[in-house]
Amino acid sequence: MKLKSTLAVLAIVTSVITAGGAQVAARGNDGETAAVTEEACPLDPRAWDADSQRARASSKSNRWDDDAAFGSNERNPGAIAAARNCTWCHGNSAQGYAIAPRLAGQNRAYIESQLMRFREKLRNNPYSQRYMWHTAAKVSPHTVAEIAEYFATIPPEPANNGDDALVPAGRALYESGLPSANIVACSFCHGPNAQGVGRIPRLGGQSYPYLKRRLEQWTEGYSPSSEHMPGVAAQLSPGQIDALASYLSFAK
Amino acid sequence: MKVISFRLAVSAAGLALACSASARAENGATSKTDIQTKIQYCKACHGQSGQGFPGAYPVPRLAGQTIHYLENKFDVITEHRRDNPTAKKFMEPALGSVDPALRRAVAEHFNSLNPPPVGGGKQELMADGKQIYMEGVPKANVPSCAKCHGPEAKGSDTVPRVAGQLHRYTEKVLSNWAILNSEPAAGAPTAAKTSNEHSLTPPQIAAVAAYLGDLK
């Protein structure tokens, strides 16, 4: 009995240390500046079709989209692709973990567009480069759509990990902006409940450190081909970024 | 050579700055950077080329809009005469933050832009939309839109451009007039106002909006 419980404790401690270690490694040196490109976003539907056909034709060389290697996955192919490739970092329930954001309940078109942007190396901040470029490198548009559909239908849970003292200030900024400081109202595009629409992401309940980092990245010059966000983020002070990210982490 | 103390230099510089700032205000001259900052603020929602943006709310196209209309909107909105809740909540504070001396320059800037339309309206509505726009709906006493807004929907000195406007935005405006009885400019379409004999039906509004949304 004692041996079993000792082993159990040891297992837990090991996994905590490993997870903690992974977190530390993940937070590593993100001081590199990526080369920033001005390419237009190549979301040409015709390229997608050709791509999808190519992927299916050479399914052995594409470990993603491949009934041959992993057996038939007719039922819920999105869930299977996600389980094999995404949940390691984004969590079994897709609610996010450490630096990997929550994907549950995210808008389909946004997940699709971001996977394609990782694949085309347009989303170029250090974490994206390190973790998402190779991950998205071989994904076909067909699988992207299935994965996006899968995540979009999982009910999101709010992270609730911001600073709650900053919530009122964050809410005011989110809902109304601050015209005298040239800060636009986020709610105008992201919606009154931060639910987003179409390719505009849901922000409500997303993790506070993730949102904060994204806002900071745009002020650091990453991903300039996001048409709106760099200009919007440029107007925000660090305190305002903190308040917004805090408020949003609680918003349902 | 006299040695000027650091403190003296700093306060002299500060005084010079303060003087020049107030001189700017007195002369009514506006600095270019102020205009650029304000225009960037507008563009954060209205698009880097003023083409509009389909967000949670449809942000309207400003590009190519007539200067008269844009200047008029500054007045109408900051004087609380535009009743719809979206305008009141978002545009009143936004426009209120623009120094009146900058308004003309902002309007001129957006008037000069000419990006392609955002589009996205349903293709199957285009033919009907064009017909309604050009000919009106005679049996409902709805006049032709083209008569005032022009055959290319680019407006005139006194009538706004509607070509390339976001279709969701056009739908909202046309529907709002029926619901809110808020103020279109004098002489604006009676077609859109509430009246069983004179109004466009929602499907007709959708068709016209879709058609206009694709116009260059």
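Within what distance do the axes of helix 6 of chain B and helix 9 of chain B come, and at roughly what angle do they cross?

Modeller: This is a predicted model, in which local features need pLDDT of at least 70 and side-chain atom pairs count only at pLDDT 80 or more, while totals for chains, interfaces and linings use all residues. Residues are numbered from 1 along each chain as its sequence is written, chains are lettered from A and ligands numbered from 1 in the order in which they are written, and side-chain values use heavy atoms, without hydrogens and water.

The axes of helix 6 (residues 126–135) and helix 9 (residues 202–214) of chain B come within 7 Å and cross at roughly 95°. Axes are lines fitted to C-alpha atoms, for helices over the stretch in contact, with angles from 0 to 180 degrees between N-to-C directions. Helices (H or I, at least four residues) and strands (E, at least two) are DSSP runs, numbered from the N terminus. Helix 6 and helix 9 of chain B are therefore roughly perpendicular to each other, a term that covers angles of 65 to 115 degrees.

In the contact (heavy atoms within 4.5 Å), helix 6 of chain B supplies residues including Met126(B), Ile132(B) and Tyr133(B), and helix 9 of chain B supplies, among others, Ala207(B), Val208(B) and Leu212(B). By class, this contact has nine nonpolar, two polar and three charged residues; Ala, Val, Leu, Ile, Met, Phe, Trp, Tyr, Cys and Pro count as nonpolar, Asp, Glu, Lys and Arg as charged, and the others, Gly among them, as polar.

Elsewhere in chain B, Asp75(B) forms a salt bridge with Arg103(B), their closest N and O atoms being 3.1 Å apart. A salt bridge is a side-chain nitrogen of Lys or Arg within 4 Å of a carboxyl oxygen of Asp or Glu. Asp75(B) lies in helix 3 (residues 67–78) and Arg103(B) in helix 5 (residues 103–112) of chain B, 28 residues apart.

As for the partner chain, 22 residues of chain B are in contact with 18 residues of chain A. Across this interface the rule finds zero salt bridges.

Methods
Angles under 35 degrees count as roughly parallel, over 145 as roughly antiparallel, 65 to 115 as roughly perpendicular and the rest as oblique.
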